[in-house]
Amino acid sequence: MYAMKEGDYVAGKTISDELHGVVMPSKKSEKIALKLDSGYNISIDRKNVREISVIERQKTSKKDKEKIHPKQGLKSITILHTGGTFASKVDYGTGAVSASFSPEDLLEMFPEIKDIANIKSRLIRNMFSEDMNFNHYNLIAKEIASENSDGIIITHGTDTMHYTAAALSFILKNINLPVILTGAQRSSDRGSSDAFLNLICAANFIAKTDFIGVGICMHENLNDENCLILPGLKSRKMHSSRRDAFRSINSGPIARANLKNIEFISSHERKNNNRKLELKLFNPEIKVGILKAHPGLKIEELLIPLFENIHSRPSKSHFHFFISS
Ligand code: DAS
């Protein structure tokens, strides 16, 4: 009997249920992971499977994947992956997500993007965004500067995406390209993931507009219809898990995007070939302290070791000290 492989469509029975679905990669040999017809994924112990058989072999195996030829008239977009939930799979044994999709996997999972633009896709870091620091902002900016595309999409963890978007807004002086950060609140291997709409809307926005600058593309609300393109310097993640967690602060969204249309909401900078990109990289030694001012603030809070030698103005000690209310 043909041994089932990732991507095969199988049918079978467990002690209590019937099964139909596509075989997914599974980290544990004793488990079988299936993407059910409903789009949801399950992980089953092999010992509970009474019978299972291959109904249809995987359509395109990795080796005979057709070469992607650039399509005339389409813009070129480079997707730079940095990890995060967007590129993660759920480990159904522990419920944790592990960043594990390759750029090729993601292009296979979202083939529609190849009809929107000519896509290049590569991994520049595979990390959760809570671990990002100023060195990573510099690294991402240099990778962007090394690209020769009409637009860049950065896939990124959501927890600190707005920090990276703000940092890139400062580093990429006179950028004459759209640089759109996007991510996912639910991992790409789950039927309920928000990754697909976020990525496709970001690509559609780049393909269909003359916007330049740094933005964030995430869901507008809990429905799977529209995304908002938010200003890179004035946005924040406002909720830990909602799909519409991102909001612009003291500014409106730049645009509303969906699978078909783009509707600008605010004025935006347009492509201008007189602009010449200048990288204003952060000093890797920079240290930033943020003290939240609050009623009853005590002087002792200013005297904690972290804030020692921090000056209220940038100084040669590379300390920057901001009081936020
Ligand atoms: N793991 C968190 C991060 O990398 C959440 C996420 O990826 O969205 O920001």
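1. H268 lies in the loop between β18 (262-264) and β19 (278-279). Helices and strands here are DSSP runs, numbered from the N terminus; a helix (H or I) has at least four residues and a strand (E) at least two. H268 counts as buried because its relative accessibility is 15%. Buried means under 20% relative accessible area, exposed means over 50%, and partly exposed is in between, with a 1.4 Å probe and protein chains only.

2. The model is a predicted one: local features need pLDDT of at least 70, side-chain atom pairs count only at pLDDT 80 or more, and totals for chains, interfaces and linings use all residues. Residues are numbered from 1 along each chain as its sequence is written, and side-chain values use heavy atoms, with hydrogens and water left out.

3. Apart from neighbours within four places in sequence, H268 is in contact with D210, F211 and I254. Contact means heavy atoms within 4.5 Å.

4. On the chain as a whole, the secondary structure comes to five helices and 21 strands. Of the 325 residues in the chain, 44% are buried. Among contacts with a separation of 6 or more, 66% are between residues 24 or more positions apart. The chain exposes about 17400 Å², and carbon and sulfur atoms supply 53% of that area. Accessible areas come from the Shrake-Rupley method with a 1.4 Å probe; for residues, only the protein chains shown count as cover.

5. A backbone N or O atom of D159 lies 2.9 Å from one. For A184, a backbone N or O atom is 3.3 Å from a ligand oxygen. For E130, a polar side-chain atom is 3.3 Å from a ligand oxygen. The protein covers 89% of the 260 Å² of accessible area that the ligand has on its own.

6. Is helix α3 (residues 161-171) largely enclosed or open? It is largely enclosed by the rest of the structure, because eight of its 11 residues are buried. The buried ones are M161, H162, T164, A165, A166, A167, L168 and I171. A165 has a relative accessible area of 0%, so it is buried. Leaving out residues up to four places away in sequence, A165 touches L181, V214, I216 and G232. A165 and L230 are 65 residues apart in sequence, and their C-alpha atoms are 9.9 Å apart.

7. V214 sits in strand β13 (residues 213-219). Its relative accessibility of 10% is why V214 counts as buried. Beyond neighbours within four places in sequence, the contacts of V214 include A165, L168, V179 and L230. V214 and I175 are 39 residues apart in sequence, with 8.6 Å between their C-alpha atoms.

8. The largest nonpolar core has 31 residues, and those with the most contacts inside it are I77, I113, I153, I180 and I229. A nonpolar core is a set of buried Ala, Val, Leu, Ile, Met, Phe, Trp, Tyr and Cys residues joined through side-chain atoms within 4.5 Å. At least two residues of this core come from each of β6 (76-81), α1 (103-109), α4, β14 (227-231) and β17 (255-257). The most come from α4, which gives nine residues. A second, separate core of 29 residues includes V179, V214, L228 and A245.

9. S188 is in the loop between β12 (178-182) and α4 (195-208). S188 counts as buried because its relative accessibility is 7%. Residues that S188 touches, not counting those up to four places away in sequence, include T85, F101, M109 and S193.

Conventions: Polar contact = N/O pair within 3.5 Å; in protein donor to acceptor, adjacent residues only side chain to side chain.
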